[in-house]
Amino acid sequence: MKQITIVDYGSGNVLSAQKSFIKIAKDNNINSIVLISNNLDDIKKSSHLVLPGQGAFETCMNGVRNKPGLIEELNNFAIIDKKPFLGICVGMQMLASQSEENGIHKGLGWIPGNIKRLPANNLKMPHMGWNSVHPAKENNLLKNSNDYYFVHSYYFDCKNKENILAETQYGMNFTSIIGKENIYGVQFHPEKSSSQGLNLIKNFMNL
Amino acid sequence: MSKVRIIPCLDVKDGRVVKGINFIDLIDAGDPVEQAKHYSENGADEICFLDISASLENRDTLLNIVEKTANEVFIPLTVGGGVSSIENIKSLLRSGADKVSINSAAIKNPEIIKQSSEFFGNQCIVVAVDAKKINNDWYVFSHGGTINTGLFALEWIENIQKYGAGEVLLTSMDKDGTKSGFDIDLLSRVAEFLTIPLIASGGVGKLEHFYEGISKGKADALLAASVFHFNELSIKKVKEYLIKKNINIRQ
């Protein structure tokens, strides 16, 4: 049986992520449980981890840091045991080396790169709404271009091109799906992206 | 560019969907959860619930509907109507809303826009404005369009942006329920200075109106109720039409 744990460190609206995973499991007869938890044992026992994230980068990182032992356990899960890990929105950004949002703040540093502000270029900020995501290379999450729901003002400026799995255009071409071995991050919200979002979640659950 | 969003709005009273013609004459049009699900499966880019019961005992009914909807609908959900405090916003977001829409409370105390945007992130704070033209100026009305606040709509919307709101939902009271098209004059004037997304509401009756709202009104999202609820137009049909008109929209 799969155990998907959505890491609870005080970030908003983790419920919809949980509901989308439960829906996918139910519709596809995937034998699984979906938890929202920050219990270290739950995380250790999980087959899949999801790191959500909403709001400011620094607040999110502090939320993770303030739970004793959590960062070590996440490291064990993703870096040592190499089990499937998915960061969503700021959860994706937290995989980076550092962020430039309101000062310089260190991230988890799992995928080399910096979080930078999207150039305004007369476009509305935040980048909010549906936009196209185009695969940059073959990957397990997304086969063909499709539309997903975004809400963000910062983007992952990825250092190594091989980690860029998909890109999106908004004033510039930015990385909308990042990946390194078992670790994935999506800048958009698959749990809010209708059937194509649920499909991407299904692909992750099947890893 | 982000794609233009089509948002069906469900006016909810005592747990049921209703929609008024010029804010009165309510007609029952169904169960909100089923409707939201239907719209989501048929191409809606977002769903909006507007609670018009606005009495305290109905708050739990609303939270219940929001939670049930979030179980089955996987597109963004905005909830408005009677939102008056940070606590209200928190309970709505916890129940599964992605955004809340604030109206009268923001007029009474604009600081709530700033506080809630800072606390929850401005992406989930929509400020709704009901505007009506009197002589040659648009005025802001509060409490479901019943009280003229005396505020100039254009000035108020500029302030909403300054206070840090994430989006503006602008309803033309003159157009609402008339099916004669959006108030293009009002929308285009607001779009001139607005740097946050503008959601147009009030007056849509036919396909051409959707196109005008985008091409002339410069709106980022279009909200409609009756045309969808009574099956006069389907979202699919609206989208097919807009794609033919070269509007960047989600298929």
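Colleague: In which loop of chain A does Asn122(A) lie?

Modeller: Asn122(A) belongs to the loop between E7 and E8 of chain A. Please note at the outset that this is a predicted model.

Colleague: Which peptide bond is cis?

Modeller: The bond from Met125(A) to Pro126(A) is cis, with omega near 0°. Pro126(A) lies in the loop between strand E7 (113-117) and strand E8 (127-135) of chain A.

Colleague: Turning to chain B, what is the phi of Asn135(B), and is the residue buried or exposed?

Modeller: Asn135(B) is a residue other than glycine with a positive phi, near 55°. It is found in the loop between strand E7 (125-134) and strand E8 (137-142) of chain B. With a relative accessible area of 73%, Asn135(B) is exposed.

Colleague: How does one read the sides of a helix?

Modeller: The starting point is the helical repeat. An α-helix has 3.6 residues a turn, so residues three or four places apart point the same way. In H1(B), the buried residues are Pro32(B), Val33(B), Gln35(B), Ala36(B), Tyr39(B) and Ser40(B). Viewed down the axis of H1(B), these fall within an arc of 165°, so they line one face of the helix.

Colleague: Which residues of H2(B) are buried?

Modeller: In H2(B) they are Arg59(B), Leu62(B), Leu63(B), Ile65(B), Val66(B), Thr69(B) and Ala70(B). Their arc around the axis is only 160°, which puts them on the same side of H2(B). These buried residues pack against elements of both chains: helix H1 (15-27) of chain A and, in chain B, strand E1 (5-13), helix H1 (32-41), strand E4 (47-51), strand E5 (77-80) and helix H3 (86-95).

Colleague: What span should helix H2 of chain B have?

Modeller: Helix H2 (residues 59-72) of chain B has 14 residues, and at 1.5 Å a residue it should span 20 Å. The C-alpha atoms at its ends are 21 Å apart, which agrees.

Colleague: How is a pair of aromatic rings described?

Modeller: Two quantities are needed. A pair of aromatic rings is described by the distance of the centres and the angle of the planes. Ten aromatic pairs are found over all chains of this structure. In one of them, Phe150(A) and Phe174(A) have ring centres 5.9 Å apart and planes at 85°, so the pair is edge-to-face. Phe150(A) lies in strand E9 (residues 146-152) and Phe174(A) in strand E12 (residues 173-180) of chain A, so the pair ties together parts that are 24 residues apart in sequence.

Colleague: Which charged residues lie over rings?

Modeller: Lys245(B) lies over the face of Tyr211(B), at 4.9 Å from the ring centre. Arg250(B) places its charged end over the ring of Trp130(A), 3.8 Å from the centre of that ring.

Colleague: Which residues touch the most other members of the largest nonpolar core?

Modeller: That core has 76 residues, and the ones in question are Ile47(B), Phe49(B), Leu170(B) and Phe210(B). Helix H7 (residues 184-193) of chain B gives the most to this core, with five residues. Another core, of 65 residues, lies apart from it and includes Ile24(A), Ala78(A), Phe85(A) and Phe174(A).

Colleague: Where does Gly202(B) lie, and what does it contact?

Modeller: Gly202(B) is in the loop between strand E11 (198-201) and helix H8 (207-215) of chain B. At 5% relative accessibility, Gly202(B) counts as buried. Leaving aside neighbours within four places in sequence, its contacts include Ser172(B), Lys175(B), Phe182(B) and Asp183(B). Gly202(B) and Asp183(B) are 19 residues apart in sequence, with their C-alpha atoms 7.7 Å apart in space.

Terms used. Residues numbered from 1 in each chain as written. Chains lettered and ligands numbered in written order. Predicted model: local features only at pLDDT ≥ 70, side-chain atom pairs only at ≥ 80, totals over all residues. Heavy atoms only, no water. Core = buried A, V, L, I, M, F, W, Y, C linked by side-chain atoms within 4.5 Å. Buried < 20%, exposed > 50% of the residue type's maximum accessible area, 1.4 Å probe, protein only. Helix = DSSP H or I, 4+ residues; strand = E, 2+ residues; numbered from the N terminus. Phe/Tyr/Trp six-rings, centres within 6.5 Å; stacked < 30°, edge-to-face > 60°. Lys NZ or Arg CZ within 6 Å of the ring centre and 35° of its normal. Expected span 1.5 Å × (residues − 1). Arc of directions from axis to C-beta. Contact = heavy atoms within 4.5 Å.
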